[in-house]
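Subject: Structure for you to look over

Dear colleague,

My notes come after it.

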Amino acid sequence: MTGPESEGRKLRRAVCPGSFDPITNGHLDIIARASKLYDVVHVAVMINQSKQGLFTVEERMDLIRQVTRDYGNVEVESHHGLLVDFCKQRDIPAIVKGLRAVSDFDYELQMAQMNNGLSGVETLFVPTNPTYSFLSSSLVKEVAAWGGDVSHLLPPVVHEALTRRLAEK
Ligand code: PNS
């Protein structure tokens, strides 16, 4: 056995949470960077029953698994409930979030402080790659639904799935 566990060290874990409907290159950039900093990165697809997604939670997880497979240390799961409970159940001390712009900051700070107050979990903010600073799943879906080209904003397998899903509608 090699690696941190053989050295008697606890695995350093972090979670990247989100709706991921679907995962974009912006999300993937944050997950890739987190996967270099932590031993295990949990990607948590948070279930929001009041929001009707374009993709089912299973479909989103499947796409995330396909595009993160090569990283070797990413685990994809879903969760219905509080993010802090997901963290507690898996002994995860850190949440990693991308910050695209100042406009993200207010709400992200509120959530980070609430989560820290609830359970002591820390939130680490990673500045989004400027190439993706305007990118969101909602915007990608809107542009794609009107026939705009979003192929450069999504991993190819996700772009194919989105094109198929929109054609079915
Ligand atoms: O991709 P999104 O929709 O911007 O992600 C937001 C998400 C899912 C990370 C956030 O809403 C969340 O953590 N929801 C889980 C429920 C929860 O813990 N709510 C309290 C937040 S302080």
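What follows is a short account of a serine in a helix, a pair of packed helices, and a loop with some backbone features. Please keep in mind throughout that this is a predicted model.

S35 belongs to helix α1, which covers residues 25-37. Its relative accessibility is 12%, and because buried means under 20%, S35 counts as buried. The side chain of S35 comes to 2.9 Å from the backbone oxygen of A32. If the neighbours of S35 within four places in sequence are left aside, the residues in contact with S35 are V41, Y71, N73 and V74.

Two packed helices

Two packed helices are described by the angle between their axes and the distance between the axes. For helix α3 (residues 83-90) and helix α4 (residues 102-119), the angle is about 45° and the axes lie 10 Å apart. The arrangement of α3 relative to α4 is therefore oblique, and the crossing of these two helices is right-handed. On the α3 side the contact is made by L83, V84 and K88, while α4 contributes N115, L118 and S119. Sorted by class, the contact of α3 with α4 consists of three nonpolar residues, two polar residues and one charged residue.

Backbone features in the loops

Most residues other than glycine have a negative phi, and most peptide bonds are trans. F20 is a residue other than glycine with a positive phi, near 50°, and at 4% relative accessibility F20 counts as buried. The peptide bond that runs from D21 to P22 is cis, its omega being near 0°.

Where else does a residue other than glycine have a positive phi, near 55°? That residue is D91, which sits in the loop between α3 and β4, the latter covering 94-99. Unlike a buried residue, which has under 20% relative accessible area, D91 has a relative accessibility of 48% and so counts as partly exposed.

When you go through the model, you might begin with S35 in α1, then turn to the contact between α3 and α4, and finish with the cis peptide bond from D21 to P22.

Key. Residues numbered from 1 in each chain as written. Predicted model: local features only at pLDDT ≥ 70, side-chain atom pairs only at ≥ 80, totals over all residues. Heavy atoms only, no water. Helix = DSSP H or I, 4+ residues; strand = E, 2+ residues; numbered from the N terminus. Buried < 20%, exposed > 50% of the residue type's maximum accessible area, 1.4 Å probe, protein only. Polar contact = N/O pair within 3.5 Å; in protein donor to acceptor, adjacent residues only side chain to side chain. Contact = heavy atoms within 4.5 Å. Axes fitted to C-alpha atoms, helices over the stretch in contact; angles between N-to-C directions. Parallel < 35°, antiparallel > 145°, perpendicular 65-115°, else oblique. Left-handed = near helix turned anticlockwise from the far one by under 90°. Nonpolar A, V, L, I, M, F, W, Y, C, P; charged D, E, K, R; others polar.
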